[in-house]
Structures are given as C-alpha cells and as structure tokens.
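Morning, everyone. I have one structure for you today. Let me put it on the screen.

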Amino acid sequence: MACPSDRAFPRATNLSYFPPSALPPPMTTIPPPATATLEVDLDRRLRYARGRVELTPGALIDRTEGGERVWPLARPGATALTLRHSDHAGLGMLELLDGDRRLQFWRFTLDANAAALRFATQFEAVQHALLHGAPPAGNDLPAACPTCNAALPEGSDECPACERELRSPPSTWVLLRLWRFAHPYRWKLLLGISLMLAATAARLVPPYLTIPLMDDVLIPFQSGKVIEATRVAWLLGGLLGAAVFAWILGWMTTWLLALVSERIAADMRTTSFGHLLGLSLDYFGAKRTGDLMARIGSDTDRISIFLSLHALDFITDVVMLVMTSVILFSINPWLALVTLVPLPVIGWLIQAVRSRLRMGFEKIGRAWSDVTNVLADTIPGIRVVKAFAQEKREAQRFADANRANLAVNDRLNRTWSLFSPTVTLLTDVGLLIVWAFGIWQVSKGEITVGVLTAFIAYIGRFYGRLESMSRIVSITQKAAAGAKRIFDILDHNSSVPEPSQPVKIDKPEGHITLKNVGFRYGSRAVIRGLDLDIRPGEMIGLVGHSGSGKSTLVNLICRFYDVSEGSIHVDGTDIRRFGVSDYRRHIGLVLQEPFLFFGSIAENIAYGRPGATREEIVAAARAARAHEFILRLPHGYDSLVGERGQGLSGGERQRISIARALLIDPRILILDEATSSVDTETEKEIQAALDNLVEGRTTIAIAHRLSTLRKADRLVVLDRGQVVEVGPHDELMARQGAYWRIHEAQARRNDEERKAQADSSALPTALREAGA
Amino acid sequence: MTTPAFTLERDARGRLVCTLADGTRHAGVLPVRAFPLSAPDQDVSLVGGDGHEVLWFARLADVPETQRRLIEEDLASREFIPTLERILSVSTFSTPSTWTVETDRGEARFVLKGEEDIRRLALGALLITDTHGLSYRVRDRFALDPHSRKLIERFL
C-alpha cells in the first residue's frame, strides 16, 4: 500500500494556517533528521490508512492524509505546545494543543498505542530541551518493548510479554502431535505392532489353503476320485492352527495396545490439566468452565477410544489390505487388478467427506461445550436460580443448547449416513465384477475354480476391511477435532510467563515499588501511570470507589496479570524476573469471598503448605481466632467442609482463610475486602485476627469501611486508575481532599444506618399500639 | 417526556461543553450509547469528565437538531466498529489466528485470541473482538460471500 504522504500535495494550502511570520523555512532545504516518528494506522475519519507524524529537534511535522503540516516548537513568547494522549474502547488519540486550542489530532488502534505514548514522551523531552537548553534529567528512555512499552529485561531485546502473542501453531496433522504422548511407550507400541503384523499374516493363511482344498480334493472328487483323508486332515489342521495362532496373537496385540492407549490418554489428561493450571487468570477469565471441562474430560476420552480401538483397527486394516493385494497379485495379476477397481472411487469419497466430517466434529465439540457450559453456570449459581424462580428458563437454556448439539449432529449424520452405505454398494459391485470376470476366466481355462474361490474368500476380507476403514474416517476426524481442542490448551502460553533465568527469591524484605504502572483489560485502561513506593513492613490502605482499580492493583502485585506498561519491583527486582510460584509463595492473600476446597478444615488451613505439622496448624488457627469455633465442630479440625464451605458462616470461613495465610508466613500480605462480607460483630473478631496477621509484614489492604484501615501507616486514594492522594489518616483528613470526602460520606451513612436501626426497633411498639 | 433545556457547544479544544438549565457548565462531556448493540439510537447518556452522568436522553431523536448533530458527530468520531465485509484469509483455524479482512473502513489485520471472542448477536450477526479489544461487526454472516462464510464457519 502506498503511503499517502508520498503523494505530492499543494503545500501552501496546508500551511496557510500559520501567520506569515511564523512560517518555517521552506522545506526545499534538507529537512533536519527526525528524532522520532510515529506511524498511525487510522485517519481522522477513522478509516484504515497509514500516516506518519515526525518530530525533529525544532518542529512537529504531520504527514498524514496526503498532506504536510509543520508546527515549529520554538515559539518565543507563546505558550508551549502540548501533546495529549488518550484512549477509549480500543482506539487511541493524540491531540496537539496550544494552550486551550486544539491544533490537530491523530487516531490510531492500540497496535500503535505504545509507540504513541513513547512519541509523546519524546515530544516532551524535545520541548524541554528547547525551553531549558537541556533534556530533562533522568529522561533517557530505557530500552522498551516497541509493542507494549514494558521495560526490557537487561541484556535482552525480546519482550517476555509480547513474544508469546503470535506463534501460529501448526494444526493440520494434529493427530501426529499425539506422538509426544506416545513417545514414552514407543517400545511397547513397536512390540504391539509387530505382534499385530504376525496376527494379520496368520489370518491370511486360511483362504490360501482353500486353493488345494478345492483344486486337489473337492473338484477331483466330483470327477470321481477318492478323497485322501490324510491330506484333508493336514489341510484342516493347517486351518485350525492358523486360526488359533491368530487368536493368541490378536489377544496379545489388543491387550498391549489398549494398555498403552489408555496410558497415553491419561498422560494427556494430566498434562493438559497441569498446563491449564499454569495459565494466567486472564485465560480463565476469558474461557468458560464448561468448555474447559469438556475439553479435558470428553475430548481426551475420545482420543483414548480412537487410539485403543480404532487406530489399532486401522493399522490392521492397512496391513491386511497390503498383504492381501500382494497375495492376490501373486496368484493372478489380472483378477487382482479387477478387484481393485472400486478402490480409487472409495479413496475419492473418503477425501471428499473427510474435511466436512472434521469440521462437523469440531462444531459438535463446541456445541457439546455449550451444553456443559449451561451446567457449569447453573449449578454453582443454583441459589440465584431458585431465588428468582428461573428454573424453567435454565431448563430451557439447557434444552436449547442440547437442541443446537442435536442440529449439528444431524447435519453431520446426513453426510455420514450416505457415506457408509455408498462404500458398501461399491464393494458389492466390486464383488460382482470379480465374479463375472472370474467365471469368464474359468470358462477360458485361465484359472481353476480353487483360485476363484480363494479370490472370493480374500476379497470378502479385503472389502470388509475397506468398509471398516471408511468407517474409521469419522472416528479419526472426531479424534483429530478433539486433539485440536486439547492442543489449543497446550499451545496456549501463560500470559504471565516464567522468566528463562529466574532470579532467586529467598527472604524478601517486602519493599514494593511501582513505577509508572499501566494496565488494561482488553481495551479498557484500568490503571494509568501509577507510581507508589511501599516500605518493608508498612501497611497501606487502598481507598477508592469501586472500579477505581484497587483490586486490579492488587492482582498486578500478585502477578495474576502482568502490567501493560511500566513495572513493579520487589526489593529492587522486577517481579517478572522471579519464578512465578516462587514469588507468590511469599504473598499471603485473604479475599472477600474465601474459597474452601472440599476436604477437612486442617487440610484447608494447610493448603499453602501441605507439609505443616498439626501444632503449626493449630497455632495458625489460634492466631486467626478460628481455634475455638473449630473445636465446637463435631470432628474438630477433621470436620469436612464442602465445595463452598457449607455449614460455616461467612466470618468462620474468613478466619480459616486468614489462618491459611498466616501459616505460610508471607512477607507480603494482601487483604482484599477481607471484612466486608460480614457483620460488624464478626468484623471485630476478624479484625483481631487480622491484626495478628499484619504484624511485621508489608500489607496492602483494600476496604470499603474506612474504620478497618485505622492501623494503616499510609492511605492511598485511587480514582479511575490513578493515585489522587497519599498520606496518613490525620494528614488526609486535614487536607480535606478526596479521602476526607469519602470519609465524611461514610460517616453520614453510618449515622443514617444507626438512625434507621433505631426507627425499626421503634416500629414493633408502634404496631402493637396500632393493633391494640 | 420533554428533555430539559440545555445548550451544547464545541470549544476550541474540540471538547463538548454542556450547559444545563440551572447554569452549571460541564466541559468535556462525552456522549455514550447505553445499548450500542441492541438499541444504538436510543438511551444516550452525556457523561461528564468526572465520570458522572450529566444528561440522559431516552431517544436521540427527541434532542433538538443542533445539539443532536453535535452529539452524533462526536459519537461518529469516537465509534470504531468496522463492519467486516470480506474475510481475505486467516492464518490458521486454531487460535490465536491472524485474520486479514476487508471492512467498510479499509483493509485490516487483527489477531483473534480465541473462539469465544466471537460473540453471536441476533439474526446471524456477529461481534468479533481482537486481542486489543477492538470490535468488528458482521452484519449477517449468512449474507457473506461463500469464501468468507466458509472461513468463519470454522470458528463457530
């Protein structure tokens, strides 16, 4: 595509904007080299078009939309130009402002966002240099990734975050990739296959024995000769022997290969689940539970069935076909050639139907995922469903998903139902041709009756194999579709990548530094240009309206997500350079909705440190003020708690999760609304537990109720992803800023609540009086 | 319902400035569609720079002509949902997959992260979201040309 700026354009019209005195020197002289350029990919009417904006030491040059406009930067006596960056819904904008007047703007997709941000920084640097004669201190940009603007790891020019983005995985021969799982069992596989070869060969002996049986025994008998008993016994004995031999071999083969394929499938399931757990939170955020369950559950099962039953059959069939054709050709090449007539047609049919089948099975897989999705949505949300009396609607949703599943199955079966009988018809026709051609040859005396019978016997097997081979087309395609869905998971790299050379982290001090941190969910910028320094052992309270980015900030510090811009350092090292689980081991997390796994209370407390002793567990429970209520349970620490911790109150579950965090003795502690789901009484209990937990650790606490943050050393007020205020409670109150406003609003609400409570307690008396 | 009297103008910075009947002035208001997909021409809100709603229009058609034109202009300058007209190629049928497409705003390339980023809307319409969160609309997938339809079918 030609760059629009290449085209000649009447410059005067574009420059008419400048008063004559401000006109830059004519550009016929060699323009100064650009210190920075920005490629934008949209024009001002939001159509895709390439354009370039250049920054030279003295001017900003706009070469978009086929024009050229120059804005000199050094303008004595005038205000300095500014470049403002903003983005919304996946669309970025740079505006060139002269005080309050907008001179120009440029639009771009987020592909160019990082470049635009860098361009704006460079613009500032150039402005600064013009005004003050030197670039601003500390503004030499560190090596940054051109796509995401993150600082690159030292001594590397590959950005760990962007590398993964576009590795298009190969997928056509996806079944061959199963070799990765088959590899450990290769010797068993080899043995199985050689046994199978022998079994197949044994199965081919009987028809061969029919030739002497016909030509030397039966036909001479018809023309009056006596049957030789010993010869017949030998021949029959040979038939029996071959059958028994084939039976033993077949048994061993099937057993061996079934064993191997079951193990391959099990390995595959374990590997894909293990890999899935390693993926970052945003993967789970985007995928639906039911879909993932379907992939790991039924898709691996499909592959297992394919491997254990059908792949085996298929190889047997191929071997059988090859061996039979060899025998047929050795007996009589002409007759053999006739036998093969339907083969190309069948081959063509398979080819024609294959891709349609695979696509169909992929669709079925997805439809099946939708069915599981409804289950995975509804069952955990059953209380909501029942409370709003929407059982019928959910049942309908399930029925709809099921119907969609039925519809794709029906469509596939239409193809499939036609395919199988067609193959049968073709083989029947083939048999007919062989009969006709055979009789003609016998009549001409070219072959004996025995040869024809043997042929027919062989061909019965041959065509039978062809049919079963064609049947396997569908199963193969089903397995291929399943394998693709499994490898979709396996090919997905965590967006929180493990560093190649992780920095060891033994005893962190807990000094957290956030430098110019930015983060976006999809196209929504949640955190922008955030700087914060948290000293070891300090307790920070995060305050702000919901949606101000508090939880996101915490997620970034836990490295559930990686920052989009800037960096987070712990003890001076970028957290992206630590091993992920190694790093998280030093973080204790207490969430608003504590999650208890199915198991005993002791197991739940020791979740982060399965090797903890009973003494340690009890000590942690004591410190978390959970010990006493646990003792009241019928089985004490061995009491089972359900998936969602049924049977325990919110406050009790919360204290168990505090004990869990205490047990791993983390240096960094994160409390995400740890007390907001419980009543004031329980809150006091939990608060006491938390005070034990916070002691001596770097703590970041999020709370709606400001009273919970009374112990915080500093409060950080966030608003729409940016820090608006930082300081201790008293200082912020004195400042009467954002914190003060939130505090006042809350105090007012508390008063109202208290009043409302007083009113409602007065109500029964009033009712009684009215009733009397 | 009558929309309360208000004035709307564009300042030198290109921002919309809204002055309400009671004389309060809000600079940098953004018109936002509440249901951009299901009812784009109804339920439009004017949101102030501080994120609070300034005005609400149940129907854009009820807004006086001059103001409506400004609102529509502003919406048009920020709305970017290219409509997919043709799919030229896809790099692979598994995801992530790079799509080269022709849209009503020119040719574009984007990366589809997963099949679940294709959202089905009513009547064969689709909304495809790329890795950057940009959305592409397909008005009716059954009305696409056979080649495009075949490609898109593989992801549905």
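I will go through confidence, then the interface, then a sheet, then a helix pair.

Keep in mind that this is a predicted model. The predictor gives the complex an ipTM of 0.82. The pTM is 0.63. For chain B, the mean pLDDT is 83. In that chain, 97% of the residues reach 70 or more.

Now the interface. How many residues of chain A are in contact with chain B? The count is 29 on chain A, against 24 residues of chain B. Look at where the chain A side comes from. Four elements of chain A each supply at least two residues: strand 2 (48-55), strand 6 (91-98), strand 7 (101-109) and helix 13 (449-490). Which of them gives the largest share? Strand 7 of chain A does, with four residues.

Three strands of chain A form an open sheet, in the order 5-6-7. The pairing is antiparallel. Strand 5 (81-88) and strand 7 of chain A stand at the edges. Each has a single partner strand, so one side of each is left without a neighbour in the sheet. From one strand to the next, the twist averages 20°.

Zoom in on one pair. Strand 5 and strand 6 of chain A run antiparallel and are joined by eight bridges. Take Asp87(A): its bridge partner in strand 6 of chain A is Gly92(A). What packs on this sheet? Helix 2 (residues 113-132) of chain A does, touching strand 5, strand 6 and strand 7 of chain A. The direction of helix 2 makes about 160° with that of strand 5 of chain A.

Last item, the helix pair. Two packed helices are described by the angle between their axes and the distance between the axes. Here we have helix 5 (residues 186-222) and helix 6 (residues 229-278), both in chain A. Their axes come within 8 Å. They cross at roughly 160°. Anything over 145 counts as roughly antiparallel. Helix 5 and helix 6 of chain A are therefore roughly antiparallel to each other. The crossing of helix 5 past helix 6 of chain A is left-handed. And what is in the contact between these two helices, by class? There are 25 nonpolar, four polar and three charged residues.

That is my tour. Questions, please.

Key: Residues numbered from 1 in each chain as written. Chains lettered and ligands numbered in written order. Predicted model: local features only at pLDDT ≥ 70, side-chain atom pairs only at ≥ 80, totals over all residues. Contact = placed C-beta atoms within 7 Å. Axes fitted to C-alpha atoms, helices over the stretch in contact; angles between N-to-C directions. Parallel < 35°, antiparallel > 145°, perpendicular 65-115°, else oblique. Left-handed = near helix turned anticlockwise from the far one by under 90°. Nonpolar A, V, L, I, M, F, W, Y, C, P; charged D, E, K, R; others polar. Pairing = 2+ DSSP bridges. pLDDT = per-residue confidence, 0-100.
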